[in-house]
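Please walk through this model with an eye on its covalent links, its rings and its backbone. Keep the sequence at hand.

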Amino acid sequence: MPITLKRLICWSWALCACLSLTFGQQALPPFVVQTISSDWPSGVGITFAENGQMYVWGLDGKIYVGENGLRAAQPLLDISEEIARYGDHGLIGMALDPNFLQNGYYYLLYAVDRHHLLFFGTPDYDPAVSTPNQATIGRVTRYQADAATDFKTTIPGSRKVLIGETIDSGIPLLHYSHGVGSLAFGNDGTLMVSCGDGGSYLYGPDIGGDEDGAFASQALLDGIITPTEDVGAYRSQLVNTLSGKLLRIDPQTGDGIPSNPFYDASNPRAPQSRVWALGFRNPFRFVWKPGTGSHNPEDGDPGVFYLGDVGWAEWEEVNVVTQGGQNFGWPIYEGLVERWEFRWGEVRYNQEQPNPMTECEHDFYQFRELLHPHTLKPNPFFATICDPDVAVSPSARTFIHRPPMITYSNRDYNNVEQNVYVPGYDSEGNGMAISLLTEDAPVKVDTFRGTCSVGGLFYQGDAFPEEFQGKYFAADFNPGWIKVMETDDDHHFAGESQLVSNLYRFTGMAENPEDGCIYTMAYLDGNVGRLSRICYGGNSFPQVEIAYDQQFGPGPLTVQFDGTNVFDPDDDPLTYHWDFGDGTTSNEVSPSHTFASNDGAPTGYRVQLVVEDTAGGVGGDFVMISVNNTPPTAEISSFQDGDLYSMTGVTNLPLEAHVTDAEFSVDELDFEWQVNLHHNTHFHPEPIVTEPSGMAHILPEGCGNETFWYRVTLKVTDPAGLSTQVEASLYPNCDEPLAEFEWVTAEIVNPDEPDQIQINWKTLRETPNSTFEIQISEDRVEFHTIGTLDATAPTGTQYGFTYFDPEWENHFRVFYRIMIKGPDGLVDFSQVVPVVFETKSPVWVFPNPAQDILYFEFQEGQGNAQVQLYSLDGKAISTTFWGSVEGEEEVRSLDISGLKPGTYIYRVTDGPEIYNGLFVKAGKE
């Protein structure tokens with residue numbers, strides 16, 4: 001029986017047992033929500049070709065074609081090697097060309113793994129290596145699907161980079177969130193790209209530097225950002241950067257469009273040439289409104305775009321971009337609330353905008369001077385900070401805040417008011433916020449809230465009633481609602497009704513032109529995507545959940561199956577088809593089946609039930625039955641549920657468990673360790689560890705207004721299909737640290753024999769009965785203990801430890817820190833200090849100290865030279881490749897003007913030789 005997407009099978013895991021029931025998805029009657037499958041690795045997005053062929057993409061960089069509602073065996077494309085998959089990064093956006101069925105072009109938007117970015121195509125590249133949690137870029141690429149295979153495979157060599165072909169031309173990503181977003185085409189065939197601000201969200205609006213956990217110093221030295229762009233979230237307000245923007249580019253070249261508002265004809269690939277709108281925080285999903293815009297790119301009217309911008313402390317936004325050059329305010333505004341006061345006077349200056357006022361103390365305008373609150377006044381007054389009666393220069397680029405169409409609460413703490421607002425104006429045309437929860441509200445709504453505004457779609461089919469056709473369907477990640485938002489001709493909010501609720505962890509949706517239903521994707525625990533669909537009226541499909549009396553046991557194994565709990569909303573007569581996975585079938589409602597012993601060997605059978613009603617609606621489920629087998633046993637042993645992690649440094653958490661299996665060796669089992677950082681009501685998954693043991697890096701996050709904790713799950717599966725899953729959570733330790741360290745030093749005792757390291761530290765306070773562990777690391781991430789000392793002085797004292805490093809010749813620098821472990825097992829950390837093993841070399845580095853330029857003189861080049869710079873705390877800053885001439889003397893220069901004054905490490909690789917040393921970046925007098 002052929003199964004099409006119109007005749008849907010609910011291929012859900014037996015564990016989830018038809019997730020439409022498990023997660024309590026609800027729809028406005030007579031809309032019906034039904035899960036198709038949860039077998040989409042890292043699935044976050046879905047799109048359809050005009051012929052109804054479905055494409056699903058995952059954060060891991062794999063794209064799959066949907067066939068008969070199921071995932072194809074082989075991906076359309078696998079670029080996982082290139083993908084930065086940590087935090088919220090990964091393959092986020094995909095779009096099919098408007099002429100996809102003629103040209104096969106499709107477009108991707110993703111974060112690039114730093115190791116791939118720096119070393120791909122060089123001898124130092126290793127496809128098995130990835131470098132998370134460091135500065136990198138977002139990239140837009142185009143591929144071509146092969147028409148000869150019905151667009152189910154990709155033509156080799158068809159890759160073309162449109163944005164991010166070099167390290168200094170990509171979308172800056174300086175944290176593990178707020179990266180790239182979506183792709184969509186305008187009515188004129190131009191490609192629109194949404195980008196986050198690339199900054200840290202941990203402690204407030206990022207204002208530049210590394211203070212809030214961003215990777216700004218590293219990005220500066222790499223050339224990912226310029227000094228002008230080192231303003232954190234305020235990059236969203238800069239015109240000549242890609243961060244926090246909606247971009248508009250030529251899909252053939254990646255160049256900006258001449259009709260863009262800030263286009264520079266001399267440099268069509270400059271960031272400002274590509275910018276269409278600005279002032280966004282994290283515009284994860286957006287959509288073009290059909291019927292708007294011109295067909296001619298020269299008109300500068302690609303159409304109207306509805307965009308979900310994920311909020312920070314209080315407010316989620318639904319924004320409407322109606323023309324180029326509009327400014328949506330972040331981080332000066334969140335929703336309709338001004339946000340700069342959160343830094344209590346710590347302002348940032350827009351170095352793209354010089355201030356000609358000689359009586360002013362600052363040479364550049366502050367960002368807030370150039371953005372006026374929303375207003376109806378045709379020529380609003382832009383006051384200077386120096387003198388509120390004086391206007392900014394007419395030559396300055398100014399903006400009027402474009403407020404969100406609607407904004408709603410995302411939080412409930414610190415007495416934050418739960419509300420829903422739209423922009424309005426007073427009698428003089430001044431902007432204001434209008435609550436929709438008051439008696440005199442222009443549009444009445446019931447209060448609602450969410451966590452992440454994730455955009456939506458405009459329904460274009462005719463399978464829904466007329467009142468839904470052409471309407472905007474807006475969605476939120478969690479609790480996973482879809483609302484039908486009414487708008488007027490000017491895109492003002494005019495009302496809403498809830499279509500669907502409880503689409504838990506919703507990340508995207510698309511309309512299937514074949515059946516007129518809406519298909520949704522939700523990102524679940526275990527790095528899997530749940531594919532569901534929403535249809536209107538007509539025949540409702542049977543909802544199927546297999547019941548059985550036993551799942552495993554010695555063979556021959558007789559299992560009693562029960563199909564009586566199948567539910568058909570229309571109460572249609574049903575027919576059953578059981579496939580027991582051993583070549584036998586049954587059409588009974590509740591058959592009994594005996595699975596063969598198979599000579600006593602553990603054997604798994606995939607039992608599938610397909611139920612069809614008389615109107616052709618189909619539902620299904622499957623379960624693994626395992627003969628001569630029992631499930632593995634697992635218990636996490638390296639930590640306990642409820643343990644606390646330190647807020648003074650990165651905790652290296654061992655991932656270890658006691659695992660046994662009566663039928664299989666541990667080496668035969670499949671392991672999946674999943675670490676999730678929970679942030680308020682959403683989470684940030686880390687890549688799955690598939691080894692029996694591993695290491696998780698627990699960041700010191702929490703203890704502020706926002707809620708953070710970590711949840712670790714372990715799933716163990718045996719070769720015959722039985723699984724066991726256990727989990728444990730860790731929470732931040734918000735008590736006083738166990739010790740207060742005044743200083744820590746680590747020095748080579750004798751430079752001529754640098755195997756002896758002296759580590760000293762002094763405390764001002766210690767917790768009694770604690771122990772110091774001296775730790776070493778090669779990468780400043782994973783530390784291991786090399787010695788211990790008892791903490792002996794509650795009021796503090798000085799300690800010393802001598803370490804003989806047997807591997808010193810294999811290092812160019814190592815890192816040390818002191819961990820203090822309390823009597824209850826809690827830990828805290830000192831600062832990290834480096835030791836650099838300088839090597840004598842025929843490369844002369846001068847001047848030292850240096851200000852703007854550092855020179856490297858090769859006495860006798862070996863060929864293929866490169867220089868790497870590191871900060872003293874071990875962070876990689878930059879890599880520069882040179883081609884030294886073998887056997888000849890030459891001098892190369894390195895621009896270090898972007899470095900802050902201080903001491904840095906250089907590492908020169910010249911052919912097979914490696915030389916290390918220190919240099920000082922001097923401050924200017």
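What follows takes up cysteines, then aromatic rings, then an arginine in a loop, then backbone geometry.

This is a predicted model, in which local features need pLDDT of at least 70, side-chain atom pairs count only at pLDDT 80 or more, and totals for chains, interfaces and linings use all residues. Residues are numbered from 1 along each chain as its sequence is written, and side-chain values use heavy atoms, with hydrogens and water left out.

Start with the cysteines. A disulfide is a covalent bond between the sulfur atoms of two cysteines. Here the term is applied to a pair of cysteine sulfur atoms within 2.5 Å. By this rule there are 2 disulfides.

One of them links C517 and C535, with an S to S distance of 2.0 Å. The link is right-handed, because the torsion about its S-S bond is about 115°. C517 sits in the loop between strand 33 (506–511) and strand 34 (518–524), and C535 sits in strand 35 (residues 528–536), so the bond ties together parts that are 18 residues apart in sequence. Strands (E, at least two residues) and helices (H or I, at least four) are DSSP runs, numbered from the N terminus. Are these two cysteines buried or exposed? C517 is buried, at 6% relative accessible area. C535 is also buried, at 12%. The cut-offs are as follows: buried means under 20% relative accessible area, exposed over 50%, and partly exposed in between, with a 1.4 Å probe and protein chains only.

C703 and C734 form a disulfide too, with their sulfur atoms 2.0 Å apart. This link is left-handed, with -95° about the S-S bond. C703 belongs to the loop between strand 50 (694–698) and strand 51 (708–717), and C734 to the loop between strand 52 (723–732) and strand 53 (739–748), so the pair joins parts that are 31 residues apart in sequence. C703 is partly exposed, with a relative accessible area of 39%. C734 is partly exposed at 48%.

C195 is buried at 0% relative accessibility. C452 is buried at 8%.

Now the rings. The structure holds 41 aromatic pairs. Rings of Phe, Tyr and Trp (its six-membered ring) pair if their centres lie within 6.5 Å; planes under 30 degrees apart count as stacked, over 60 as edge-to-face and the rest as tilted. Take F280 and F328: their ring centres are 4.9 Å apart and their planes are at 20°, so the pair is stacked. F280 lies in the loop between strand 16 (275–278) and strand 17 (285–288), while F328 lies in the loop between strand 19 (315–321) and strand 20 (333–334), so the pair ties together parts 48 residues apart in sequence. F280 is buried at 0% relative accessibility. F328 is buried at 1%.

Elsewhere, F31, Y459, F464, F468, F473 and Y536 make up one aromatic cluster.

Some rings carry a charge over the face. The test is NZ of Lys or CZ of Arg within 6 Å of the ring centre and within 35 degrees of the ring normal. R71 lies over the face of Y64, at 4.8 Å from the ring centre. R285 lies over the face of F284, at 4.1 Å.

R85 is an arginine in another setting. Its place is the loop between strand 7 (77–78) and strand 8 (91–96). R85 counts as buried, at 13% relative accessibility. Its side chain reaches the backbone oxygen of G87 at 3.3 Å.

Last, the backbone. Most residues other than glycine have a negative phi, and most peptide bonds are trans. Which peptide bonds are cis? The bond from G555 to P556 is cis, with omega near -5°. P556 lies in the loop between strand 37 (552–553) and strand 38 (557–562). A cis peptide bond also joins F846 and P847, with omega about -15°. P847 is in the loop between strand 61 (843–846) and strand 62 (853–858).

Two residues with positive phi complete the tour. F151 is not a glycine, yet its phi is about 60°. F151 is found in the loop between strand 10 (136–144) and strand 11 (160–163), and is buried at 10% relative accessibility. H178 has a positive phi near 55°. H178 lies in the loop between strand 12 (171–173) and strand 13 (180–185), and is buried at 4%.

Note on methods. A polar contact is a pair of N or O atoms within 3.5 Å; within protein, one must be able to donate a hydrogen and the other to accept it, and residues adjacent in sequence count only if both atoms are side-chain atoms.
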